[in-house]
Amino acid sequence: MDVSVIAVIACGDNEPVGVMVLNECTAIYAGGKFGEISELYVRPDMRSQGIAPHLIAVALSEGRARGWKRLEVGAPWQPKWKRTLDFYLRNGFEEVGPRLCRMI
């Protein structure tokens, strides 16, 4: 069965400490299928302990297995969430432009 949404839960001491939701998308600009991290969250008391980079490594591994050429993530509003943007930049992501949203 072809799954287009993957949820990954990071655990420490037998309890959840982080979660990532990874979606398979398709776009002409991406040359076909690609991955998008729609959610990446680590409990505040567990941050800066390597959990989020590990979740990204899982996403990259899954993407390679699925033949994706790219992995995207939307960064939250700046400058309030500058730390989040800096994290993604340190982990190999590049800014490619703003993402827009329209509520329906």
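Buried means under 20% relative accessible area, exposed means over 50%, and partly exposed lies in between (1.4 Å probe, protein chains only). By that scale Cys 11 is exposed, with a relative accessible area of 56%. The model is predicted: local features need pLDDT of at least 70, side-chain atom pairs count only at pLDDT 80 or more, and totals for chains, interfaces and linings use all residues. Residues are numbered from 1 along each chain as its sequence is written, and side-chain values use heavy atoms, with hydrogens and water left out.

**Sheet and helix**

- Helices (H or I, at least four residues) and strands (E, at least two) are DSSP runs, numbered from the N terminus.
- Four strands form an open sheet in the order β1-β2-β3-β4, with mixed pairing.
- The edge strands are β1 and β4 (71-73), and each pairs on one side only.
- On average, neighbouring strands of this sheet are turned by 30° against each other, direction ignored.
- Two strands pair if DSSP finds at least two bridges between them.
- β1 and β2 run antiparallel and are joined by eight bridges.
- Within that pairing, Ala 7 has Val 21 in β2 as its bridge partner.
- Strands of a sheet pair through backbone hydrogen bonds, either parallel or antiparallel.
- α1 lies across β1, β2, β3 and β4, at about 35° to β2.
- Contact means heavy atoms within 4.5 Å.
- Axes are lines fitted to C-alpha atoms, for helices over the stretch in contact, and angles run from 0 to 180 degrees between N-to-C directions.

**Cysteines**

- The structure holds zero disulfides, a disulfide being a pair of cysteine sulfur atoms within 2.5 Å.
- Cys 25 is buried, at a relative accessible area of 19%.

**A buried glutamate**

- Glu 24 sits in strand β2 (residues 15-27).
- Its relative accessibility is 18%, so Glu 24 counts as buried.
- The side chain of Glu 24 makes a polar contact with the side chain of Arg 66 (3.4 Å).
- A polar contact is a pair of N or O atoms within 3.5 Å; within protein, one must be able to donate a hydrogen and the other to accept it, and residues adjacent in sequence count only if both atoms are side-chain atoms.

**Positive phi**

- Most residues other than glycine have a negative phi.
- Asp 13 is not a glycine, yet has a positive phi of about 50°.
- Asp 13 lies in the loop between β1 (5-12) and β2, and is exposed at 79% relative accessible area.
- Ser 48, also not a glycine, has a positive phi of about 65°.
- Ser 48 lies in the loop between β3 (32-42) and α1 (51-66), and counts as exposed at 67% relative accessibility.
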